[in-house]
Amino acid sequence: MPRFSVIVPAYQVQAYLHECLESVLSQSCPDLELIVVDDCSPDACGAIIDEFAARDARVHPVHLPENVGLGRARNAGLAHASGDYLLFLDSDDTLTPDALRSIADRLKETGDPDVLVFDYARTYWTGETVRNQAALQLTEQGPAPFRLEDRPGLLRLLMVAWNKAYRREFVEEQGFVFPPGYYEDTPWTYPVLMTAESIATLDRVCVHYRQRRQGSILRTTSERHFDVFEQYDRVFAYLEERPELSRWRPVLFRRMVHHLAIVYSRRDRLPPGSRADFMRRARAHYRRYRTRGAPVPLRARVQHTLIRFGLHRTYRTLQLVSSLHRGVARTTGKLLRGLRSASLRLHYRVQRCLPLRADRAVFTAYDGRGHSCNPGALESAFRDLAPHIRTAWIARPEHHHTIPPGSRRLVPGTAAYWTALARSAWLVSNTAFDHRLVKRRGQTLIQTGQGTPLGHIGLDLQERPAAARGRDFARLLEGVDQWDYVLSANRHTTLTHERVHPGRYTTLEYGYPRNDVFRTATEADVARLRASLGIPEGTVAILYAPTHRDYRRSQRHALDLQRIVRRLGPRFMVLARAHHAYDAPMTNTCGRVVDVSGHPSVESLCLASDALVTDYSSLMFDYANLDRPIVIHADDWEAYDAARGTYFDLRSFPPGAVARGEDELIDIFATGHWRGSRSAQLRSAFRERFCTYDDGRAAERVVRRVVLGESDLPPVVPLEKRRPVPSAAASLAREPLATVPHPAGPAVVTDSL
């Protein structure tokens, strides 16, 4: 008896079926049977199913003699299922990597509940992936399993069959089957949730829900959308048969009204001329199933009123007025934006004619993402060493909270922004300034860079279209011609920048100002940072900070962080930080996995952590200054190198142990190799090459040289004389190696390095 029976009905999806089935068969949890139902599909679906069955004994093909629709096709699959748990997957969707393993682990943790609800993400043809907006309902905090009355918010989730795992014996005992027609999930999901004695949740995306441009049932204009009425008749008939469930009637009534309003208002569902009939039937259902005395939320009262009285013309008029209002607003907005843009251009021209202000400096980082990185450290040094200079920071409003007191806040594109760019003597950034900037005589522009480059940058991207993404290299060089100074932390960075960003600027090999805090922070500072992040005493905090992928449009989830902390045990936790290019969190904070993507200071996260896990991020070069363990997760090096190009093979010269997969990564931490002698040797060689000038006084050198004009600068402290900032793991280094279970096979620490 397999653990899982995955049921996939297929009809006219030959372009997507292969990917769907591969996503199931490639799961790291192989204890499954895959039941694929060919719903008499006229395309090649049947042949594809037979091909998969011939190569993998876990695939059980079911060929129906006639087309019966999605619901009955699922029933046909149910009749052949023998697994402990049932999962339904639409044939154009996919399971995410390790989804079944995570589901199996959660089922075991919660005592094999009747139903496990997990999360999904919509995937678009553009490559964009958007997680379910109601994911908060799936939090794993609190007791589990539970009943629906303990977590009624689950009814706000999308009522589909494929975001749950069902205990097969529970389904068979209750006699649940799918009805015919559209919206067949409705009379399945509501009764299942209401009847289940035990429910659990898994706060993890397990299904990628494909949003097809064409061909989706919900985007097909058809009279069959009227099936929604019969489906709700079945739901309320189920309640009538079970008086003990009558308390759910008001909730289901409100959900029904909301659902009917959606079907009615979507332009691509109901055929022309059928909306009035649909509204009449909606009114009849409203009156039939209305529960008197049940409150209606304030925001839904207009919707309820229109359906209750069948106000078809009023509803359509309101929709038309709303559409006209949006059109007028868009046109007016365009005109106003055009006038504003012209007035700002004139304002900038006028400001450039006025004298420069030698006591003003403007800073920005990551195109307006807030006070951070090298410009942030330099701005602090300006205020300490050159207090006569007034500083201003360019950032979008949502990042203004990161700007320290004493620095003026500037919003990009405003009149104050253009005034500052026109009249400030000092301009500091780690990216390109606004391409409309006209550098004036007497202005000094300091380009700090974003870190030591591993992947190709600048002109080296001309042969890398995936990474360049239409970059205008002529404009790039125009910006380079405005640079006066470029900062560097090592000889590798200097040589790379001067080749790929050719210009007349001066390179300052002073170290990176953002790394100064690694030398100046105290043990008390580290303890305070760990406390602010909720890191328990004695816990090993792993900072996971992957870089972005040029060959992917969406954020990549290469590791199952929840599984990693479960395997490593309670002594470990993970701080997950997404790359700033995605401008979105990496994961939800849950238990010992904490998403810190919104934290304003990555340097603080480095100080608070005990080890770094990354792939190809430049953060590794900065983190090496702490002389703390670094583990490289290089599962797609060939793809990354092909898309981006790299300046050296990180696998041949790593700052620590290298893992080529999730199991190897777990093994490295479980056996203690992450902090072993071999890893320390690799880290020492890495620091000798890339941490030459980062001795804690980089920002001071820059300000004294560039702003104050001094030539007698603080000498660089040799690497061997620098005082490291102790981490919590320093005391753990004397303890025995962890004895948690780990996959068989050697860790990739010695031979492969």
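Over which residues does pLDDT stay under 50? In this predicted model, that stretch is residues 733–753, for which the model has 47 contacts beyond four places in sequence. Where pLDDT is low, the predicted coordinates should not be read in detail. For the protein as a whole, the mean pLDDT is 89, and 95% of the residues reach 70 or more.

**Overall form**
- The protein contains 26 helices and 22 strands.
- Its radius of gyration is 30 Å, which agrees with the value near 27 Å that a compact globule of 753 residues would have.
- Along the principal axes, the C-alpha atoms fill a box of roughly 90 × 65 × 50 Å.
- Of the contacts between residues at least 6 apart in sequence, 73% join residues at least 24 apart.

**Surface and charge**
- Buried residues account for 55% of the 753 residues.
- The protein exposes about 33200 Å², of which carbon and sulfur atoms supply 51%.
- There are 103 positive and 86 negative side chains, and the centres of these two sets lie 9 Å apart.

**Backbone details**
- Most residues other than glycine have a negative phi, and most peptide bonds are trans.
- Ala144 and Pro145 are joined by a cis peptide bond, with omega about 5 degrees; Pro145 lies in the loop between strand 7 (129–131) and strand 8 (164–167).
- Gln12 has a positive phi, near 50 degrees, and is found in the loop between strand 1 (4–10) and helix 1 (14–25). Gln12 is partly exposed because its relative accessible area is 45%, a value between the limits of 20% and 50%.
- Asp627, also not a glycine, has a positive phi of about 55 degrees. Asp627 sits in the loop between helix 21 (619–623) and strand 21 (630–633) and is partly exposed, with a relative accessible area of 33%.

How values were computed:
Residues are numbered from 1 along each chain as its sequence is written. This is a predicted model: local features need pLDDT of at least 70, side-chain atom pairs count only at pLDDT 80 or more; totals for chains, interfaces and linings use all residues. Side-chain values use heavy atoms; hydrogens and water are left out. Helices (H or I, at least four residues) and strands (E, at least two) are DSSP runs, numbered from the N terminus. The radius of gyration is taken over C-alpha atoms; the globule rule is 2.2 Å times the number of residues to the power 0.38. Buried means under 20% relative accessible area, exposed over 50%, partly exposed in between (1.4 Å probe, protein chains only). Contact means heavy atoms within 4.5 Å. Accessible areas come from the Shrake-Rupley method with a 1.4 Å probe; for residues, only the protein chains shown count as cover. Lys and Arg count as positive and Asp and Glu as negative; His and the chain ends are not counted. The place of a charge is taken as NZ of Lys, CZ of Arg, CG of Asp or CD of Glu. pLDDT is the predictor's confidence in each residue, from 0 to 100.
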